[in-house]
Amino acid sequence: MNWNDVLSFARGPLFQAALLIFIAGMLYRLVRVIGLGWSRNHVRPKKSQTKGVVMSYLKGILIWPFVPWVKNTFTKNPIIYLAGGLFHLGLFVILVLGTAHMLVWKSLLGFGWKTLPLPIVDWFAAATIVAMVVLFINRLINPVLKLLTGTAEWLNLLFVFVPMLTGYIMTHHLFFQYEVLFSIHMLSVDFLLIWIPFSRISHFVFYFFSKSIHGQEFAKHGVRA
Amino acid sequence: MDGKSIFDELKEKGVSRREFIKLSGAIAGAIGLTSFPSVEAQAGTSARFPRAYQPAQLVAKALASKPRIPVIWLEFQDCAGCSEALTRSESPTLVNLVLNMISIEYHETLSAAAGFQVEEAKRAAMEKYAGQYLLVVEGSVSPKDGGIYCSIGGRSSVDILEEAAAGAAAVIATGTCATFGGLPKAKPNPTGAVSVMGLIKDKPVINISGCPAIPEVFTGVVAHYLVFGTLPALDSLNRPTIFYGNTIHDRCLRRPFYEAGKFASSFDDEGARQGWCLYKLGCKGPTTYNACATLKWSGGLSFPVQSGHPCLGCSQPDFWDGGGFYQGQSAPLSKPAGTLGAMAAGAGVVLGVGSALANKQQKKNAKKSEPGEKGGSHELE
């Protein structure tokens with residue numbers, strides 16, 4: 001087997017197929033969820049629901065530990081709070097502000113943007129990898145998480161961890177030949193793209209649905225008399 | 001030829017002993033000889049072999065004792081660029097003197113004779129040096145449709161190659177067309193082009209890829225064959241590891257800028273003027289194995305990346321189809337066509353709508369059977 005061929009396959013036909021499955025799968029899920037419909041208000045709520053949605057998003061963004069509504073979450077689950085937060089932040093920085101990934105977006109969307117210097121993205125990547133290891137160990141030993149974790153959850157971790165790790169090693173040209181790591185990186189990304197619509201990683205879209213629904217439901221504060 | 005050693009022939013041409021020793025040293029350097037046996041292998045035996053063979057001495061010995069190597073040079077679907085690079089090389093001392101170590105019996109571009117005469121000369125050379133000559137192939141072979149797309153003297157390239165390879169000591173494929181198919185093999189490959197190693201299975205084939213192949217690499221391989229009588233160590237794509245052991249990126253003079261994350265974003269921006277890394281402009285250096293960054297071109301003057309152009313990856317298989325030359329290497333080779341994407345999106349929407357309708361029907365049925373149950377949002381994900 002020649003790694004050049006594997007790489008061309010992973011960057012070419014397999015990536016295309018994975019992307020198409022990803023698009024079809026995500027749209028299927030999206031349409032299906034929208035089709036479930038919002039529950040209708042039979043009476044007018046007391047408070048503005050729009051304001052509730054806005055507040056819900058603001059609360060989702062303002063997640064610093066000193067904010068009152070976060071304090072409780074933070075003190076009860078510091079590991080998940082810190083490692084989880086760092087992981088999501090790192091992932092965003094790497095995928096959107098990393099030069100190599102911006103070039104992927106550019107080739108797909110037709111336009112690019114300024115990126116962060118490599119050393120900065122690099123520190124985010126390192127922190128993200130550490131966060132992933134922490135979350136992995138936490139999942140292994142936390143008795144409640146153990147009950148909630150099945151094959152799908154382990155696959156989620158695997159499919160996100162492999163691209164992350166190979167990407168990091170690749171950028172630094174360590175241990176293996178570049179095209180070998182590049183191939184594994186692309187293969188795992190292809191599998192990740194196919195896996196996302198069928199897994200909880202789809203929360204990167206559905207998070208916004210739950211934020212909106214919860215916001216408008218919780219904002220009602222009873223009925224207007 | 002005629003039993004005369006290379007040293008004898010050089011002497012006749014007026015090459016002095018001092019020049020000869022200098023040449024030997026240069027050739028030893030070109031093929032990466034340090035000392036033979038290597039310093040590592042000498043460890044422990046230093047008492048018996050105090051300074052075993054010095055590299056220049058080893059080469060000089062070979063040149064003084066061996067006759068010139070007969071070479072038959074075939075060209076098929078090529079541009080003669082590899083021959084051009086070799087003959088117009090800017091390092092005459094090395095390349096020309098190495099070319100003195102071989103006698104080219106047949107070369108379509110260089111031969112003074114033409115037509116039946118030169119074909120006859122080739123046949124005679126193949127008979128005279130059967131089993132001894134090096135066969136150099138430039139350009140890809142076209143077996144498709146009975147070989148009608150590439151024929152010389154009324155014979156197909158496949159026939160000519162197979163006949164010449166049968167009596168060769170070894171086959172050297174020079175240039176990316178001969179090694180991996182190159183431009184003729186690029187999609188859609190109208191002539192069904194194949195590489196030399198795709199056709200010749202019973203002879204050692206050594207690949208010197210590149211578009212064109214670096215002249216010093218070619219002469220290095222020939223010098224190695226002359227000195228040791230064997231072909232140098234090869235990588236998985238049959239390329240000599242002494243020249244193809246590192247990537248362009250590994251030895252690139254712009255590498256520090258890559259490490260620091262300083263990239264040129266266009267050919268005319270501040271980064272380009274400062275000599276920053278060309279990764280964003282599509283440099284294929286990280287996956288390209290060749291000696292450009294160390295041997296360089298035009299007598300060590302420069303090489304593409306040094307002069308501001310990203311590496312095209314010309315020494316790698318299928319580099320014509322390896323994505324846009326000026327598109328970053330991280331980008332996918334091609335994006336799905338709009339129609340395909342629309343079809344996938346359509347399929348997703350149709351499936352989703354179907355599923356949503358089924359859900360609604362289910363909800364209705366559930367409501368009918370359990371009148372007390374209220375539709376809630378608990379099904380939301």
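This is a predicted model: local features need pLDDT of at least 70, side-chain atom pairs count only at pLDDT 80 or more; totals for chains, interfaces and linings use all residues.
1. Across the interface of chain B and chain A, six residue pairs are in polar contact, both residues of each pair being at pLDDT 80 or more; a polar contact is a pair of N or O atoms within 3.5 Å, where within protein one must be able to donate a hydrogen and the other to accept it, and residues adjacent in sequence count only if both atoms are side-chain atoms.

2. Residues are numbered from 1 along each chain as its sequence is written, chains are lettered from A in the order in which they are written, and side-chain values use heavy atoms, with hydrogens and water left out.

3. In the contact between the chains (heavy atoms within 4.5 Å), 43 residues of chain B meet 37 residues of chain A.

4. Within chain B, the domain assignment, automatic or from a database, gives domain 1 (68-239) and domain 2 (249-321), whose centres, taken over C-alpha atoms, lie 28 Å apart. Their contact takes 20 residues from domain 1 of chain B and 17 residues from domain 2 of chain B.

5. Between these two domains of chain B the rule finds one salt bridge and five residue pairs in polar contact, both at pLDDT 80 or more. Asp318(B) forms a salt bridge with Lys185(B), with the closest N and O atoms 3.5 Å apart.

Technical notes. A salt bridge is a side-chain nitrogen of Lys or Arg within 4 Å of a carboxyl oxygen of Asp or Glu.
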